[in-house]
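Here's a quick tour for anyone meeting this protein model for the first time. Have a look at it, then read on.

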Amino acid sequence: MSSMTLRPSRQASSPIKVSFEFFPPKTPEMETTLWASIQRLAPLNPQFVSVTYGAGGSTRERTHATVSRLVKETHLKPAAHLTCVAATKDEVDGVIRSYWDAGVRHIVALRGDPAAGIGTAYEPHPGGYQQTCELVAGIKAIGDFEVSVSAYPEKHPEAASLDADIDVLKAKVDCGADRAITQFFFDNDHYFRYLDCVRARGINIPIVPGIVPVQNFKQTANFAAKTGASVPDWLAARFEGLDNDVETRKLVAAAVAAEQVIDLVDRGVNEFHFYTMNRADLVYAICHLLGLRDQSVRAAA
């Protein structure tokens, strides 16, 4: 029997780095789910965990409460999302200072969705930060924060072209952005083509791929349509007929996400940002496949 030739990803050559995104809970039940997920994923020693911020600051207090609890009760490094929407510069600056006072040193700076919802026209607050690049500069002026920003391998849905969208990213980098996290994508070629374009423009910060394990295909496809992310026909075919088969859907979702990240590793990527949807099971399994292990278990051994 001939020996099997291992793909590069089966022979981990460089350390894998991960980060996780959560959203602030609306109900006691959702809070229980969130913190169970955080406890499950924390031993994987992520670089940071980010907490989202609702349109128009609608989750401001819940975001701040979640981030503050992360600082006080865990060893994790939280990154608080912050947007320009529906707030004056003074109000936003006050939020930035409150995060600094709470011990937060990392902010994910975003323009934010239009206050009237995705698909409507974005209208900057007349007394606020007009665009993300201004927000990045404002954050850096207040404190020595690490600042992450967004990037769009298939371009932002409001951008006139990919080149115009990369202009926006370049402005954010010029104002001090330290890292870009991409919108999720399913075709890895989109990411690598985008990376080539970004590097050709002299943008050298890390461009971290955002990965979404598909908890619910229809919901993910609907969200993708709003954010400009394409859904390949082959992906739809994988989930066909599984609407009422939760267990099989989970297995397929894990397989699809694992296939994607292993291909990225094979092509030289070693850093990933997972959109967890506040659930740990799929993300934990994928991280295990990437070679990450529970650090608390290792310490006990």
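Is the crossing of α1 and α2 left-handed or right-handed?

## Two helices that cross

The crossing of α1 and α2 is right-handed. Keep in mind that this is a predicted model. The axes of α1 (residues 28-41) and α2 come within 13 Å, and they cross at roughly 35 degrees.

Who meets whom here? On the α1 side we find Glu31, Leu34, Trp35 and Ile38, and they meet Thr66, Arg69 and Leu70 of α2. Sorted by kind, the residues of this contact give four nonpolar, one polar and two charged.

## The sheet

Now for the strands. Nine of them form an open sheet with parallel pairing, in the order β7-β6-β5-β4-β3-β2-β1-β9-β8. β7 (207-208) and β8 (210-211) sit at the edges with a single partner strand each, so one side of each has no neighbour in the sheet.

Zooming in, β2 (residues 49-51) and β3 (residues 78-83) pair in the parallel sense over three bridges. Ser50 stands opposite Ala79 in β3.

## Helices across the strands

Helix α2 (residues 60-73) turns up again here: it lies across β2 and β3, at about 155 degrees to β2. Helix α4 (residues 132-142) lies across β3, β4 (106-110) and β5 (146-151), and runs at about 160 degrees to β4.

## A buried loop residue

Finally, look at Asn278, in the loop between β9 (271-275) and α10 (281-289). Asn278 is buried, because its relative accessible area is 4%, under the 20% cut-off. Leaving out residues up to four places away in sequence, Asn278 touches Phe22, Phe23, Thr33, Leu34 and Ser37.

How values were computed:
Residues numbered from 1 in each chain as written. Predicted model: local features only at pLDDT ≥ 70, side-chain atom pairs only at ≥ 80, totals over all residues. Heavy atoms only, no water. Pairing = 2+ DSSP bridges. Helix = DSSP H or I, 4+ residues; strand = E, 2+ residues; numbered from the N terminus. Contact = heavy atoms within 4.5 Å. Axes fitted to C-alpha atoms, helices over the stretch in contact; angles between N-to-C directions. Buried < 20%, exposed > 50% of the residue type's maximum accessible area, 1.4 Å probe, protein only. Left-handed = near helix turned anticlockwise from the far one by under 90°. Nonpolar A, V, L, I, M, F, W, Y, C, P; charged D, E, K, R; others polar.
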